[in-house]
Amino acid sequence: MTEALGVLDVIRRAGLVVVPPDPTDEMVEAGIAVSGIGADRVRAVFQAMLAAAP
């Protein structure tokens, strides 16, 4: 576990984050709240952003 936390610390220091492969319901709700688009579109945007990530 200590090694895993160390890896996460390196990732954070590099300015990156770890996210689930699919948005959680809370993530979708947040996307709807800030964009006004529907849940399906929010999920599609999330997937497109992951696909474009380094």
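Which residues in α2 meet which residues in α3?

**Figure 1. Confidence of the predicted model.** This is a predicted model, in which local features need pLDDT of at least 70 and side-chain atom pairs count only at pLDDT 80 or more, while totals for chains, interfaces and linings use all residues. Residues are numbered from 1 along each chain as its sequence is written, and side-chain values use heavy atoms, with hydrogens and water left out. The pLDDT is the predictor's confidence in each residue, on a scale from 0 to 100. For the protein chain its mean is 96, and 100% of the residues reach 70 or more. Confidence is lowest in helix α1 (residues 2-13), with a mean of 95, and highest in helix α2 (residues 25-35), with 98. Helices (H or I, at least four residues) are DSSP runs, numbered from the N terminus.

**Figure 2. The crossing of helices α2 and α3.** Two packed helices are described by the angle between their axes and the distance between the axes. The axes of α2 and helix α3 (residues 39-52) come within 9 Å and cross at roughly 105°. Such axes are lines fitted to C-alpha atoms, for helices over the stretch in contact, and the angles run from 0 to 180 degrees between N-to-C directions. The two helices α2 and α3 are therefore roughly perpendicular to each other, a term that covers angles of 65 to 115 degrees.

**Figure 3. The residues where α2 meets α3.** From α2, the residues Asp 25, Met 27, Val 28, Gly 31, Ile 32 and Ser 35 meet Ala 39, Val 42, Arg 43 and Phe 46 of α3. The residues of this contact divide into 6 nonpolar, 2 polar and 2 charged. Here Ala, Val, Leu, Ile, Met, Phe, Trp, Tyr, Cys and Pro count as nonpolar, Asp, Glu, Lys and Arg as charged, and the others, Gly among them, as polar. Contact means heavy atoms within 4.5 Å.

Figure 4. Val 28 is placed in helix α2. With a relative accessibility of 4%, Val 28 counts as buried (buried means under 20% relative accessible area, exposed over 50%, and partly exposed in between, with a 1.4 Å probe and protein chains only). Apart from its neighbours within four places in sequence, Val 28 is in contact with Pro 23, Ala 39, Val 42 and Arg 43. Val 28 and Ala 4 are 24 residues apart in sequence, and their C-alpha atoms are 27 Å apart in space.

**Figure 5. Val 42 as seen from α3.** Val 42 belongs to helix α3 and, at 8% relative accessibility, counts as buried. Not counting residues up to four places away in sequence, Val 42 touches Val 28, Gly 31, Ile 32, Ser 35 and Ile 37. Gly 31 is 11 residues from Val 42 in sequence and 6.0 Å from it in space, C-alpha to C-alpha. Glu 29 is 13 residues from Val 42 in sequence, with 8.7 Å between their C-alpha atoms. Glu 29 lies in helix α2 and counts as exposed, at 54% relative accessibility.

**Figure 6. The salt bridges.** The whole structure holds 2 salt bridges, each defined as a side-chain nitrogen of Lys or Arg within 4 Å of a carboxyl oxygen of Asp or Glu. In one, Asp 9 pairs with Arg 13, with the closest N and O atoms 3.1 Å apart. Asp 9 and Arg 13 are separated by about one helical turn because they are 4 residues apart in helix α1. Asp 9 is partly exposed, at 34%, whereas Arg 13 counts as exposed, at 63%. In the other, Asp 40 pairs with Arg 43, with the closest N and O atoms 3.9 Å apart. Both lie in helix α3, 3 residues apart, about one turn of the helix. Asp 40 counts as exposed, at 64% relative accessibility, and Arg 43 is partly exposed, at 34%.

Key: Parallel < 35°, antiparallel > 145°, perpendicular 65-115°, else oblique.
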